[in-house]
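Good morning. Please have a look at the sequence and the structure first.

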Amino acid sequence: MSEKLSDRLTELEIRYAEQEKTIEELSGEIAEQWKLITALNKKLSALTDRFLELEEQTAPEISVTKPPHW
């Protein structure tokens, strides 16, 4: 193998290793973000449910009557 081809192959192997490391790091970061999104969705759902409960408790009873012009 010529020296030029050997150098090129070495450079490609280095790039491949760096890209592989970057992919692994990104994969780990995505997994962490997914966990955070799941937790935030659960909290949002719980807060929405609680808000609706409180809104129902504080809403005045509106009686259904005919308008005065009927």
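Is R15 buried, partly exposed or exposed? R15 is partly exposed, because its relative accessible area is 48%. Those words have cut-offs: buried means under 20% relative accessible area, exposed means over 50%, and partly exposed is in between, using a 1.4 Å probe and protein chains only.

Before I go on, a note on where this comes from. This is a predicted model, so local features need pLDDT of at least 70 and side-chain atom pairs count only at pLDDT 80 or more, while totals for chains, interfaces and linings use all residues. Residues are numbered from 1 along each chain as its sequence is written, and side-chain values use heavy atoms, with hydrogens and water left out.

Back to R15. Its side chain meets that of E11 in a salt bridge, with N to O at 3.3 Å. A salt bridge here is a side-chain nitrogen of Lys or Arg within 4 Å of a carboxyl oxygen of Asp or Glu. Side chains of opposite charge can pair when their charged atoms come close. By the salt-bridge rule, the count comes to four. I will show three of these pairs.

Where do R15 and E11 sit? Both are in helix α1, which covers residues 3–58, and they are four residues apart, about one turn of the helix. Helices are DSSP runs of H or I with at least four residues, strands are runs of E with at least two, and both are numbered from the N terminus. E11 is partly exposed, because its relative accessibility is 38%.

The next pair is E25 and K21. Their closest N and O atoms are 3.9 Å apart, and they form a salt bridge. They also lie four residues apart in helix α1, separated by about one helical turn. Which label does each side get? E25 has a relative accessible area of 48%, so E25 is partly exposed. K21 has 54% relative accessibility, so K21 counts as exposed.

Then there are R50 and E53, whose side chains meet in a salt bridge at 3.4 Å, N to O. Here the spacing in helix α1 is three residues, again given as about one turn. R50 is partly exposed at 42%, and E53 is partly exposed at 41%.

Now some distances along the chain, all from C-alpha to C-alpha. E24 and I14 are 10 residues apart in sequence and 16 Å apart in space.

Last, the chain as a whole.

Of the 70 residues, 0% count as buried. The chain exposes about 7200 Å², and carbon and sulfur atoms supply 60% of that. These areas come from the Shrake-Rupley method with a 1.4 Å probe; for residues, only the protein chains shown count as cover.

That is the end of my part.
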